[in-house]
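User: Hi, I have a protein model open and would like to go through it slowly with you. Could we start with one residue and then look at the rest?

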Amino acid sequence: MKVCCADMRYHLTPRCDQHDDPFDCPDQLIWHSAKRRRWGLIIHDGGASMIKIKFCPWCGAKLRGDAPQ
């Protein structure tokens, strides 16, 4: 999958063997839904909260809604 920068690739790569849900894993920071065409920063508050984003937090590139590029 192509992404805007190495930092985004790192944070989109699932690497937790303890949590199936990214909202449960404290190491997971980014959430993406191709179906909903949204990107977000996960808020680890015990639920499924996130802040919708339109730009990469590391490089500033505009994020496409349909799929990671």
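User: What is the relative accessibility of cysteine 25, and is it buried or exposed?
Analyst: Cysteine 25 counts as buried because its relative accessibility is 4%, where buried means under 20% relative accessible area, exposed means over 50%, and partly exposed lies in between, using a 1.4 Å probe and protein chains only. Before we go on, please keep in mind that this is a predicted model, in which local features need pLDDT of at least 70 and side-chain atom pairs count only at pLDDT 80 or more, while totals for chains, interfaces and linings use all residues. Residues are numbered from 1 along each chain as its sequence is written, and side-chain values use heavy atoms, with hydrogens and water left out.

User: Where is cysteine 25 found?
Analyst: Cysteine 25 is in the loop that lies between α1 (6-12) and β1; helices (H or I, at least four residues) and strands (E, at least two) are DSSP runs, numbered from the N terminus.

User: And what does cysteine 25 touch?
Analyst: If residues up to four places away in sequence are not counted, cysteine 25 touches Cys16, His19 and His44, where contact means heavy atoms within 4.5 Å.

User: How far apart are cysteine 25 and cysteine 56 in space?
Analyst: From C-alpha to C-alpha they are 20 Å apart in space, and in sequence 31 residues separate cysteine 25 and cysteine 56.

User: Ok, zooming out, how many helices and strands does the protein chain have?
Analyst: The protein chain has 1 helix and 3 strands, and from the N terminus on these elements run α-β-β-β. The protein chain is as compact as a globular protein of 69 residues, because its radius of gyration is 12 Å, close to the 11 Å that the globule rule gives for that length. The radius is taken over C-alpha atoms, and the rule is 2.2 Å times the number of residues to the power 0.38.

User: What does the C-alpha trace span along its principal axes?
Analyst: The C-alpha trace of the protein chain spans about 30 × 20 × 20 Å along those axes.

User: What share of the residues is buried?
Analyst: Buried residues make up 28% of the 69 residues in the protein chain.

User: Which residues are in the largest nonpolar core?
Analyst: The largest nonpolar core has 9 residues, namely Val3, Cys5, Met8, Leu12, Ile30, Trp39, Ile53, Cys56 and Leu63. Such a core is a set of buried Ala, Val, Leu, Ile, Met, Phe, Trp, Tyr and Cys residues joined through side-chain atoms within 4.5 Å. In soluble globular proteins, nonpolar side chains tend to be buried together.

User: Switching to arginine 37, what is its phi?
Analyst: Arginine 37 has a positive phi of about 60 degrees although it is not a glycine. Arginine 37 is found in the loop between β1 and β2 (38-43), and arginine 37 counts as exposed because its relative accessible area is 54%.

User: Is alanine 34 in a loop or a strand?
Analyst: Alanine 34 is found in the loop between β1 and β2, and alanine 34 counts as partly exposed at 42% relative accessibility.

User: And what about serine 33, where is its place?
Analyst: Serine 33 has its place in strand β1 (residues 30-33), and serine 33 counts as buried at 11% relative accessibility.
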